[in-house]
Amino acid sequence: MLIKIADLIYKKITLEGKIKLNSEIMNTILNDTEIIASIEKMGIDTEESKENIKAALNKATKELCSLVSKAPAIEVDDINLSVNLDNQKYLEFSNKLLDTKTEDKK
Amino acid sequence: MLKINVLKYYKELEESIYRLLELINTIECYSPYDQTKDILKQILKSETKVTSTSHIYEVKNKKTNIKEAYLKAYKDFKKNFKFMEFHKEIIKENEYIKQIFKEYNQESLLITRLLESFFYVIEEYEELIQSDEDTDTMIRFFSSVENCIDKTYNTSSAIHSFLKTLEDEESNQLLETEEKIELKLLNVEYNLAEFSEILTSINNAYSSISILYKDVTINNLKIVSLESGSLHSILIGDKSLIDLLKKC
């Protein structure tokens with residue numbers, strides 16, 4: 001989950017200059033087949049405990065989103081994920097998607 | 001040797017080296033070394049004549065009597081330094097270390113060399129007390145003390161870091177049902193409150209998915225290593241939960 005969430009958050013910053021809404025990330029995590037398969041591997045009936053799984057994953061996703069959002073880069077074991085530095089200029093303009101060339105012309 | 005014995009062996013050696021360090025530091029307390037350095041500075045500032053066979057130092061300031069200064073420092077030191085006690089303790093530690101070597105059927109060249117430097121200090125002192133006014137012997141003695149202190153510090157830190165590595169490996173041993181996650185948050189500096197918030201987030205995420213195991217007791221998330229600055233942590237928890245937390 002952590003790697004997926006970090007990937008979603010950092011990629012979204014890179015492409016659109018703002019952090020993806022938690023609810024969008026939660027939906028992505030809930031519908032992720034790899035995560036569901038992992039839960040089934042734990043011996044949990046995913047059909048029977050649908051609501052419990054949803055609640056647990058939502059809570060965990062929220063916590064992990066909060067954790068990932070606190071740093072521009074994380075490393076989980078040896079996997080390194082970070083905001084793409086080439087596009088980090090977007091962050092400086094809040095949610096406005098300006099690039100530095102446009103600023104120069106002004 | 002079994003790992004647990006390796007740990008015991010080095011811990012016993014470490015304790016002995018600490019005692020040796022305390023002993024040699026007693027000399028440093030009374031050592032006229034600082035004064036010696038001052039005297040050497042005065043020599044260096046003075047004129048130096050070089051002959052074909054040796055350097056001759058000529059101190060310009062006639063008021064400075066180097067020999068007298070040395071002798072005074074040495075007398076002060078001799079008054080305070082309890083050589084017989086020092087000697088007795090070194091013999092005792094030497095015997096103790098030999099006993100450790102024998103008990104664990106091991107030997108450490110590093111520590112043998114360290115003990116040799118202590119005995120060298122003793123030899124130099126024995127020579128020194130026979131010639132109270134020989135400044136060369138005095139300089140040699142305090143150099144041997146300095147050398148011994150350096151060796152003791154180096155040996156002590158080498159043993160300490162080796163022990164720390166062994167203990168870290170020990171604490172990272174996993175049970176069959178456990179898995180480890182190494183997490184680093186990079187390029188940031190956290191204060192104590194933020195640092196604690198992050199740890200709480202990890203723990204909350206772990207706890208919330210552990211609820212899925214309705215009837216099984218799951219071990220709490222354990223922190224086995226933690227470094228501040230940004231954040232570098234190694235955590236151990238239930239294998240399936242950690243897999244789900246990180247890999248997917």
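Biologist: What classes of residue make up the lining of the largest cavity?
Modeller: In this predicted model, the lining has ten nonpolar residues, no polar ones and no charged ones, where Ala, Val, Leu, Ile, Met, Phe, Trp, Tyr, Cys and Pro count as nonpolar, Asp, Glu, Lys and Arg as charged, and the others, Gly among them, as polar.

Biologist: And how much space lies in there?
Modeller: The largest cavity holds about 50 Å³ of space. A cavity here is a set of points on a 1 Å grid over the protein atoms alone where a 1.4 Å probe fits but cannot get out, and lining residues have an atom within 4 Å of a point; points are joined across faces, edges and corners, and the volume is the space filled by probe spheres set on them.

Biologist: Which elements supply at least two residues of that lining?
Modeller: Helix H4 (50-68) of chain A does, together with S3 and helix H8 (239-246) of chain B; helices (H or I, at least four residues) and strands (E, at least two) are DSSP runs, numbered from the N terminus. Among the lining residues are Leu64(A), Leu67(A), Ile181(B), Leu183(B), Ile242(B) and Leu245(B).

Biologist: Leu183(B), then: which residue is its bridge partner?
Modeller: Its partner is Val76(A), and the strands concerned, S1(A) and S3 (residues 178-186) of chain B, pair in the antiparallel sense over four bridges, pairing being counted if DSSP finds at least two bridges between two strands.

Biologist: What else does S1(A) pair with?
Modeller: It also pairs in the antiparallel sense, over four bridges, with strand S2 (residues 79-82) of chain A, where Ser82(A) is the bridge partner of Ala73(A). S1(A) and S2(A) form a hairpin with two residues between them, and Asp77(A) in the turn has a positive phi of about 50°.

Biologist: Are the S1(A) side chains buried or exposed?
Modeller: Ala73(A) and Glu75(A) point one way and Ile74(A) and Val76(A) the other, yet all are buried, meaning under 20% relative accessible area, with exposed over 50% and partly exposed in between (1.4 Å probe, protein chains only).

Notes
Residues are numbered from 1 along each chain as its sequence is written. Chains are lettered from A and ligands numbered from 1 in the order in which they are written. This is a predicted model: local features need pLDDT of at least 70, side-chain atom pairs count only at pLDDT 80 or more; totals for chains, interfaces and linings use all residues. Side-chain values use heavy atoms; hydrogens and water are left out. On a 1 Å grid over the protein atoms alone, a cavity is a set of points where a 1.4 Å probe fits but cannot get out, and a pocket is an open set with protein on both sides within 12 Å along at least five of seven lines; lining residues have an atom within 4 Å of a point.
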